[in-house]
Amino acid sequence: MLTSNLSFQLPDLLALTSSYPFRVNRNCKFATDGSEGWLLSQDISSNNDSPLLSQNEREVLRSVKYGLLASLCSPTSDGPQLRVLTDFLSLVFISHGRILEGKESHGWKPWTSIVHVESAQDALELMETNVLLKHIVPSLQRISSRLPEVQRSRWNTRFLRCVKAFGKAQLRLYENLKSNTIPTLPEYIKMRRETYGSSMFIDLLDLLEISSRPSGVPGLHQFTLWAIDIVAWILDIFSYASGPTGPTRCDSHNLIALLTTHKNLSVQGAMNYAGGMVKEALEELNRLERELSPPPNGGTGSGSGGTSSEGTWGWLGFVKSAVGLTGDDQAGRSTRRSDWKFLTDAVLGPPPTDEDAEDFDRGATGSASGTKSTSEQTARYVQALKDYIAGSIHWGYETELYFGQKGDEVRSFGWVFLAHSDHS
C-alpha cells in the first residue's frame, strides 16, 4: 500500500544566523552526566511523593540532550555553572511537556492560581510550589546566599518577575488546553514568550556571573524581547515539524498551526511566514546591537582612550536627539517599522510600553564585581542572548525530541516528510 506524504521545507535558520558563532561548552559531558545521573537517581523524593520522572521521561532523557542545549546556549560557563543551567532547562522542558501531554496537572501545587502567583514576594519560595522546579531551589539558595544582601535583594526582585511570568504562562496554557481555547496570534506570542522560562534562564546567567544586565540602557529591553521571541518561534517551528505525535507539538498552541488557522495559510505558507518573522526579528536585533555598541572613541573627555559608561550612553542619547527621537523612545518604547511584512501589529499585538521597560529595569544591577563598565556589561549580555539563539537552533537538529535520528538530514536539506496518517 502506497503511503501519502506531507512534505514541507523549514526556514533556513542556520543561514539566518550564520554570523552568530557556533560554540559548545567544553564542560558539556561533565554537566550532562551529572545532571542526568541526578535526575535518574531521584526515584522517590524525600517527602515520599511520586518519582521525580515518569518511566517515559526516564527512557527519553538521554536522547533529548538537555546538557547539550545548556552547553550550546552558555558556551563559556564553567562546569558547576553549566550543571545548574542543565538541571534548570531539564526541569522546565519536562514541566512544559507534561502540560502539553495533558496527563498531569499544571505542575504547581493544587491551590496555585494566577492570583497566587501574582501575589508572591519571593522568587525561590514561589518555585517551591512547582512540583519539578522545587528540586533546583536548594542549589539556587546556596548560590544566592553568597551574594551581598543588597545584590541578593535586587536579583530576587528581578528573578521574581521572571518566575511570575513563567508561572502565569504555564497556568494560562493549562487552562486554555482544559477549556479547548485557541488563542489569537498576539495572545499566543505573549504567552509563548515565557512558557520555556527564557527570562528565568537569562537571569540565572546573572546569578551565576556568566553575564549581567546593566540598568538604564536604551534598547536593551527590546533587544531581550526579540531574542526571547526568536527562540520561541524557532522551537515552535521544530515542534510542528516533529509531527502531531511529537511530544512538544500542540496544534492549538503552536505558531505554525495558529498561522494556518488565523491567516488561512498552507503548512508551507506558515513555515515561510514564520521564517519571515524570524528574519525580520533578527534584522531588528542586529540594528539594536549596533545601537548598543558605541563607536571606538565614544568616551568623553577621559583622556585615557577608554569608553566610560557615561560617555557611551551620552553619545547614544545625543544621536537619538539629533535624529528626532523622543525621551519615550530612549526609555525603551518600541516603534514598529512600516516596511515590516511579517511583524505586524495584527500578529504581535501592541508594542511594549515605557512601563514594561521600567519594570524590566527594576532590580537590574551591574556586574557582581562592580568593576566592569556599562558598555562591557552590555556587550557580554548581548553576546549571551546571541548564544541563546544560536544554541537553541543547533540543539534543535541534535536532539531527538523533534526529528528523531534524522536531525542531520533535516539540517542539511531542510525538508520534512510526514506520513499522511501522522498529519491531521
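Glu209 is partly exposed, with a relative accessible area of 48% (buried is under 20%, exposed over 50%, partly exposed in between, using a 1.4 Å probe and protein chains only). This is a predicted model, where local features need pLDDT of at least 70, side-chain atom pairs need 80 or more, and totals for chains, interfaces and linings use all residues. Residues are numbered from 1 along each chain as its sequence is written, and side-chain values use heavy atoms, with hydrogens and water left out.

Glu209 sits in the loop between helix H11 (198-207) and H12 (helices are DSSP runs of H or I, at least four residues, numbered from the N terminus). Its phi is positive, about 60°, though Glu209 isn't a glycine. Most residues other than glycine have a negative phi. Asn264 also has a positive phi, about 55°; this residue lies between helix H13 (255-262) and helix H14 (267-292) and is exposed at 70%.

## The core

The largest nonpolar core has 123 residues (buried Ala, Val, Leu, Ile, Met, Phe, Trp, Tyr and Cys joined through side-chain atoms within 4.5 Å).

Leaving out residues up to four places away in sequence, Trp233 touches several others, including Trp226, Leu255 and Met277 (contact means heavy atoms within 4.5 Å).

## Around Gln42

Gln42 is in the loop between helix H2 (28-41) and helix H3 (55-64). Beyond its neighbours within four places in sequence, Gln42 is in contact with Pro51 and Leu52.

Definitions and conventions
Helix = DSSP H or I, 4+ residues; strand = E, 2+ residues; numbered from the N terminus.
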